[in-house]
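User: Could you walk me through this model? I'd like the overall picture before the details.

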Amino acid sequence: MKNKITLVLIFIICLNYFAIGQNKQFSKSSIKIGLGIGASLGNKTTGLGVAYNIGYQREIWKDRLRVNPNFSIGHYSSRLLLDARDQYFNSINLETNLYYDLIIIKWVSLVIGVGGVVNNCRGMRGSGGDPESYTEPPTSEYVNDFHFGAFFGGGIRISFPNKRTVINIMPFNFHAGNNDFAEFHPKIELDFKF
């Protein structure tokens with residue numbers, strides 16, 4: 001029994017040794033996750049909060065151009081806004097973005113992105129805020145708004161050679177669309193290559 005365990009351990013150590021010596025080849029696909037803080041504005045909603053995203057990413061041209069369909073959700077409130085009505089709402093985005101590495105220096109690049117977004121904001125609006133801005137006394141109401149718009153973004157992409165993880169520091173992430181829809185989220189994103 002001890003001989004079998006010893007042989008298995010030697011086999012695992014040898015396999016690990018030879019795998020380390022191999023040149024790592026990753027596919028052109030990856031999973032992208034991100035976290036950001038920011039603001040969401042709409043025709044009936046205004047708030048500050050946190051947004052999360054998850055999506056699939058595929059390199060489509062010379063390791064510089066990537067397509068990224070993704071899903072994001074943000075949780076917002078007007079707690080820190082002094083003159084806004086009491087609001088608690090979620091903002092759900094389905095978007096497809098294109099990212100392009102504009103300038104590449106070794107393993108760091110300046111990246112820009114554009115895309116399209118479909119948004120749904122839903123939650124509750126209550127009373128509060130600046131009483132002089134109301135023509136009628138405010139009442140609590142449920143909000144469910146849909147928006148269509150565009151994405152614009154930019155930042156720094158750090159892609160270490162022979163590493164599976166890529167770091168994206170994206171200080172500029174804007175959504176803008178119909179019905180006064182706008183979102184701004186500085187984000188940190190990680191790409192996990194297959």
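**Fold and burial**

Analyst: Of the 194 residues in the chain, 34% are buried, where buried means under 20% relative accessible area, exposed means over 50%, and partly exposed lies in between (1.4 Å probe, protein chains only). This is a predicted model, in which local features need pLDDT of at least 70 and side-chain atom pairs count only at pLDDT 80 or more, while totals for chains, interfaces and linings use all residues. Residues are numbered from 1 along each chain as its sequence is written, and side-chain values use heavy atoms, with hydrogens and water left out.

User: Which helices and strands does the chain have?

Analyst: The chain has one helix and nine strands, and the pattern along the sequence is α-β-β-β-β-β-β-β-β-β. Helices (H or I, at least four residues) and strands (E, at least two) are DSSP runs numbered from the N terminus.

User: And the contacts, what share of them is between residues 24 or more positions apart?

Analyst: Such pairs make up 60% of the contacts in the chain with a separation of 6 or more, a contact being heavy atoms within 4.5 Å.

User: How many aromatic pairs are there?

Analyst: The count comes to five aromatic pairs, taking rings of Phe, Tyr and Trp (its six-membered ring) whose centres lie within 6.5 Å, with planes under 30 degrees apart called stacked, over 60 edge-to-face and the rest tilted. One of the pairs is W61 with Y100, which is stacked at 6.5 Å centre to centre with 20° between the planes. This pair links distant parts of the chain, since W61 is in strand β2 (residues 46–61) and Y100 is in strand β4 (residues 87–105), 39 residues apart.

User: Are W61 and Y100 buried or exposed, or something in between?

Analyst: W61 counts as partly exposed because its relative accessibility is 40%, and Y100 is partly exposed too, with a relative accessible area of 26%. Another pair, Y99 and F151, is edge-to-face, at 6.1 Å centre to centre and with 70° between the planes. Y99 lies in strand β4 and F151 in strand β6 (residues 141–159), so this pair ties together parts that are 52 residues apart in sequence.

User: Switching topic, which residues line the largest cavity?

Analyst: Its lining includes Y99 and F151, along with N53, N70, E95 and H175 among others. The elements giving two or more residues to this lining are β4, β7 (165–177) and β9 (187–193), and β4 gives the most, with three residues.

User: Last one: where is D145, and what does it touch?

Analyst: D145 is found in strand β6, and it counts as buried because its relative accessibility is 15%. Leaving aside neighbours within four places in sequence, D145 is in contact with K44, N119, N120 and C121. The C-alpha atoms of D145 and N179 are separated by 9.0 Å, although these residues are 34 apart along the chain.

Methods:
1 Å grid on protein atoms, 1.4 Å probe; cavity = no way out; pocket = protein on both sides within 12 Å on 5 of 7 lines; lining within 4 Å.
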